[in-house]
Amino acid sequence: MARVLFVCLGNICRSPMAEGILRGRAVSHGWSIDSAGTAGHHVGEGADPRTERTLARHGQSFSHAARRVTLDDFTRFDHIVAMDQANLADLRRLCPATSQHKLALALEPLGGGDVPDPYYGEMDGFEHIHTLLTDAIDAWIPAWSSS
Ligand code: 4NP
């Protein structure tokens, strides 16, 4: 029963997208899955309407309220998955030494790189990150299943 936290900047676009995708995977039933942001600008808001629309199109809708990463998260989760290098750098600063090994980049199994922030773009950017995150999450699942 893996415990996976996805982290982006605002917790309204990329990390809720990843959360919805993993929640929709049959193998993850019973897992603890959540998402959070490194910044607090959107705390309490639902996911961006474009993330909601994309998840709905894939039958992966869920109820979301944006929140910020807390110190507790570093003990409550086994895998803390950052969307880009900036998120990862912020997490590295916040994270206690004993939990640093839990931090990872979402696209690591695809060879690394950042999940592009779609916030200032158009709808196609959201469909693009859905595809990227689906490929990455499906590649992560065997590792998360055995931990
Ligand atoms: P996210 O996207 O980090 O994928 O949720 C963003 C959402 C909001 C902002 C930036 C990125 N913002 O600057 O408000």
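Which residues are linked with Asp-34 in a network of salt bridges? Asp-34 is joined in this network by Arg-67, Asp-73 and Arg-76. The views below show a predicted model, in which local features need pLDDT of at least 70, side-chain atom pairs count only at pLDDT 80 or more, and totals for chains, interfaces and linings use all residues. Residues are numbered from 1 along each chain as its sequence is written, and side-chain values use heavy atoms, with hydrogens and water left out.

**View 1. The salt-bridge network around Asp-34 and Arg-67.** A salt bridge is a side-chain nitrogen of Lys or Arg within 4 Å of a carboxyl oxygen of Asp or Glu, and the structure holds 11 of them. In the bridge between Arg-67 and Asp-34, the closest N and O atoms are 3.1 Å apart. This pair links distant parts of the chain, 33 residues apart: Asp-34 is in strand S2 (residues 32-37), and Arg-67 is in the loop between helix H2 (49-57) and H3. Helices (H or I, at least four residues) and strands (E, at least two) are DSSP runs, numbered from the N terminus.

**View 2. The salt bridge between Asp-78 and Arg-3.** The two side chains meet at 2.8 Å, N to O. Here too the pair links distant parts of the chain, with Arg-3 in strand S1 (residues 3-8) and Asp-78, 75 residues apart from it, in the loop between helix H3 (73-76) and strand S3 (79-82). Asp-78 is partly exposed at 24% relative accessibility, and Arg-3 is partly exposed at 31%. Buried means under 20% relative accessible area, exposed over 50%, and partly exposed in between (1.4 Å probe, protein chains only).

**View 3. The salt bridge between Glu-19 and Arg-23.** The side chains of Glu-19 and Arg-23 meet at 2.8 Å, N to O. Both residues lie in helix H1 (residues 14-23); because they are 4 residues apart there, about one helical turn separates them. Glu-19 is buried, at 2% relative accessibility, whereas Arg-23 is partly exposed, at 37%.

**View 4. Cysteines Cys-8 and Cys-95, without a disulfide.** A disulfide is a pair of cysteine sulfur atoms within 2.5 Å, and the structure holds 0 disulfides. The cysteine sulfur closest to that of Cys-8 belongs to Cys-13 and is 6.9 Å away, which is too far for a bond. Cys-95 is in no disulfide, as the nearest cysteine sulfur, that of Cys-8, is 17 Å away. Cys-8 is buried, with a relative accessible area of 2%, and Cys-95 is buried at 6% relative accessibility.
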